[in-house]
Amino acid sequence: MSNSDESKLTKRLAPVAKCDCGMALASELLLEKWTMLIIREAFYGVKRFDDIREDIGIPRSVLTTRLKHLVENQILEKKQYQVEGARARPGYVLTEKGRELSLTIFALMQWGDKHLKDGQPAIALNHRDTGVPLKVALVEADTNDVTLAEIDLTVL
């Protein structure tokens, strides 16, 4: 085999090893159907185990496992809540690390609305103070960020 034949068989490698790539590491942690749906529920403010289970139709044992995984990885934290007349129970809320997934969640929502729902969003993202619609996009590094606290989610 000549050198030129050998070079044709050489496999192209990604410029960054999987173990050094933030996207690859994040996908191993997050990109499983149930995990992303649980995080979505947390973004919507749903924190009770039974409410999450009912909303997304997840088996109880799978939800238990995924919640444990998200708590161990500091995406969610357990916080006690109590409904009047009932005993205190653990609820699940986003940590700061979990809230920083907002761009990922909003980007997936924006992509899904455009490509899977024919541009018909179920929720509008607007700036809380100005009412201006928001979208996920790459911006220059010196541009001001809109914080999660400045976003108003409106069900359409």
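This is a predicted model: local features need pLDDT of at least 70, side-chain atom pairs count only at pLDDT 80 or more; totals for chains, interfaces and linings use all residues.
Let us start with Ile38, which touches Ile52, Ile56, Ile58, Leu63, Arg66, Leu67, Leu70 and Leu76, leaving aside residues up to four places away in sequence.

In soluble globular proteins, nonpolar side chains tend to be buried together. Here the largest nonpolar core has 27 residues, and those touching the most other members are Ile38, Ile39, Leu63, Leu67 and Leu76. Two or more residues of this core come from each of helix 2 (22-30), helix 3, helix 4, helix 5, strand 2 (89-94), helix 7 and strand 3. Helix 3 gives the largest share, six residues.

Next, look for aromatic rings. A pair of aromatic rings is described by the distance of the centres and the angle of the planes. Searching the whole structure turns up one aromatic pair. Its members are Phe43 and Phe106, with ring centres 6.2 Å apart and planes at 55°, so the pair is tilted. Phe43 belongs to helix 3 (residues 33-43) and Phe106 to helix 7 (residues 102-115), so the pair ties together parts that are 63 residues apart in sequence. Both Phe43 and Phe106 are buried.

Another ring to find is that of Trp34. The charged end of Lys33 sits over this ring, 4.4 Å from the centre.

Now turn to the charged side chains. Side chains of opposite charge can pair when their charged atoms come close. Across the whole structure, a search finds eight salt bridges. One of them joins Asp50 to Arg53, where the closest N and O atoms are 3.8 Å apart. Asp50 and Arg53 are three residues apart in helix 4 (residues 49-56), so about one helical turn separates them. Asp50 counts as partly exposed, at 28% relative accessibility, and Arg53 is likewise partly exposed, at 28%.

Asp50 also forms a salt bridge with Arg60, and here the closest N and O atoms are 3.4 Å apart. This pair links distant parts of the chain, with Asp50 in helix 4 and Arg60 in helix 5, 10 residues apart. Arg60 is partly exposed, with a relative accessibility of 45%.

Helix 5 also holds Lys68 and Glu72, which are four residues apart, about one turn of the helix. Their side chains meet in a salt bridge, at 3.9 Å from N to O. Lys68 counts as exposed, at 55% relative accessibility, and Glu72 is exposed too, at 53%. Turning back to the bridges of Asp50, salt bridges that share partners join Asp50, Arg53 and Arg60 into one network.

What does His127 touch, not counting residues up to four places away in sequence? The answer is Val132, Leu134, Val146 and Glu150. His127 itself lies in strand 3 (residues 123-127). Is His127 buried or exposed? With a relative accessibility of 15%, His127 counts as buried, because buried means under 20%. Its side chain has polar partners as well. A polar contact of 3.4 Å joins the side chains of His127 and Glu150, and the backbone nitrogen of Asp129 lies 3.1 Å from a polar atom of the His127 side chain.

To finish, follow the backbone into two loops. Most residues other than glycine have a negative phi, and most peptide bonds are trans. Gln74, although not a glycine, has a positive phi of about 60°. You will find Gln74 in the loop between helix 5 (60-72) and strand 1 (76-81). Gln74 counts as exposed, at 52% relative accessibility.

Asp118 is a residue other than glycine whose phi is positive, near 50°. With a relative accessible area of 68%, Asp118 is exposed.

Definitions and conventions. Residues are numbered from 1 along each chain as its sequence is written. Side-chain values use heavy atoms; hydrogens and water are left out. Rings of Phe, Tyr and Trp (its six-membered ring) pair if their centres lie within 6.5 Å; planes under 30 degrees apart count as stacked, over 60 as edge-to-face and the rest as tilted. Buried means under 20% relative accessible area, exposed over 50%, partly exposed in between (1.4 Å probe, protein chains only). A charge sits over a ring if NZ of Lys or CZ of Arg is within 6 Å of the ring centre and within 35 degrees of the ring normal. A polar contact is a pair of N or O atoms within 3.5 Å; within protein, one must be able to donate a hydrogen and the other to accept it, and residues adjacent in sequence count only if both atoms are side-chain atoms. Contact means heavy atoms within 4.5 Å. A salt bridge is a side-chain nitrogen of Lys or Arg within 4 Å of a carboxyl oxygen of Asp or Glu. A nonpolar core is a set of buried Ala, Val, Leu, Ile, Met, Phe, Trp, Tyr and Cys residues joined through side-chain atoms within 4.5 Å.
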